[in-house]
Amino acid sequence: MRHGKKQVKLSNTASHNQALIKNLCNELFRHKRIVTTISKAKAARMTAERLITFAKQGDLAARRILLSRLGKYRFITHSTPTTDEKLLKRTVIHELMDEIAPKMKLMDDARKAKNANYTGGGYTRIMKLGKRKGDASELAILELVGYENVQIDRQNAALDAKETKAKRSKSISERIKAKKDEIKKESK
C-alpha cells in the first residue's frame, strides 16, 4: 500500500526519477517555463515549490541544500557565445537565490496582506496543452508564477535580432539606397 507516499511514480527506477526531476527543476529555473507531460510536471512541481521555499530562506544552509538537490548546473550553456567570466560561472542556484526567491518573497507578502491565513506556496502553475502528436500523451506547461511575460520578451528579442541580422546581410549599396528612401519619406 502507498499510504503517505506523495512522490509520483513515473514507472522508472528511483535514481532515474530523481535525475529526471532534478533536470526538470533546473530547466524550469533556467527558462521559467517548460513543456512536459502532465505526470512529470506534477512530480517536478512538488520539488520546485520546495526548492523555492528553501531559496527564500537565503542562508548558507539553504544554499547547500539547493546545491545537493540541483547540482552545479550552469545557467549559460557552452553553446551561447559570451566572454563574461562572471556570467559563465553563474549557476541555476545563483539565479534561484538572487532573482526568483526575492520575487517570490514579495509575492508572498502581497498574498499575506490579502489573506491572513496564507501559509506559502503556489509558486508554479500547470496548464494543460492537449495530446502530443506522436504518442498521444497529455502535455502541460509548467511555469513559475510571475514570469508569464518572459517567453514573450524572449520571442520579441529574437525577432529584433533576426531583423537586425537581415539588415546587416544587405550589401552596402542596398543599405545606402534604403537609408536614402527613409530620408525622403521623413522629409515629405
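## The nonpolar core

A nonpolar core is a set of buried Ala, Val, Leu, Ile, Met, Phe, Trp, Tyr and Cys residues joined through side-chain atoms within 4.5 Å, where buried means under 20% relative accessible area, exposed means over 50%, and partly exposed covers what lies in between, with a 1.4 Å probe and protein chains only. The structure discussed here is a predicted model, in which local features need pLDDT of at least 70 and side-chain atom pairs count only at pLDDT 80 or more, whereas totals for chains, interfaces and linings use all residues. Residues are numbered from 1 along each chain as its sequence is written, and side-chain values use heavy atoms, with hydrogens and water left out.

The largest nonpolar core has 35 residues, and the members that touch the most other members are F29, L66, L96, M104 and L144. At least two residues of this core come from each of α1 (14-31), α2, α3, α5 (92-114) and β3 (138-144), these elements being DSSP runs numbered from the N terminus, with helices (H or I) of at least four residues and strands (E) of at least two. Helix α2 supplies the largest share of the core, 9 residues. Which residues does F29 touch, not counting residues up to four places away in sequence? With contact taken as heavy atoms within 4.5 Å, F29 touches A48, L51, I52, L70, F75, V92, E95, L96, I100 and L144.

## Packing of α2 against α3

Two packed helices are described by the angle between their axes and the distance between the axes. Here the axes are lines fitted to C-alpha atoms, for helices over the stretch in contact, and the angles run from 0 to 180 degrees between N-to-C directions. For helix α2 (residues 38-57) and helix α3 (residues 60-70), the axes come within 8 Å and cross at roughly 150°. That angle makes α2 roughly antiparallel to α3, given that angles under 35 degrees count as roughly parallel, over 145 as roughly antiparallel, 65 to 115 as roughly perpendicular and the rest as oblique. The crossing of α2 and α3 is left-handed, a term used if the near helix is turned anticlockwise from the far one by less than a right angle, with right-handed used if it is turned clockwise.

On the α2 side the contact involves L51, F54, A55 and Q57, which meet A62, I65, L66, R69 and L70 in α3. The residues of this contact divide into 7 nonpolar, 1 polar and 1 charged, where Ala, Val, Leu, Ile, Met, Phe, Trp, Tyr, Cys and Pro count as nonpolar, Asp, Glu, Lys and Arg as charged, and the others, Gly among them, as polar. I65, found in helix α3, is partly exposed, with a relative accessible area of 25%. The C-alpha atoms of I65 and F54 are separated by 7.7 Å, and these two residues are 11 residues apart along the chain.

## Packing of α3 against α5

The axes of α3 and α5 come within 10 Å and cross at roughly 140°, which makes α3 oblique to α5. In this pair, α3 passes α5 in a right-handed crossing. The contact is made by R63, L66, L67 and L70 of α3 together with I93, H94, L96, M97 and D98 of α5, and by class it has 6 nonpolar, 1 polar and 2 charged residues.

## Positive phi and exposure

S11 has a phi near 60°, a positive value in a residue other than glycine. S11 is found in the segment before α1 and is exposed, with a relative accessible area of 75%. K32, also not a glycine, has a positive phi of about 70°.

H16, in helix α1, is partly exposed, with a relative accessible area of 41%. H16 and I100 are 84 residues apart in sequence and 27 Å apart in space, C-alpha to C-alpha.

R132 is found in the loop between β2 (124-131) and β3, and R132 is partly exposed, with a relative accessible area of 35%. Leaving aside neighbours within four places in sequence, R132 is in contact with T37, S137 and L139. The C-alpha atoms of R132 and R69 are separated by 30 Å, and these residues are 63 residues apart along the chain.
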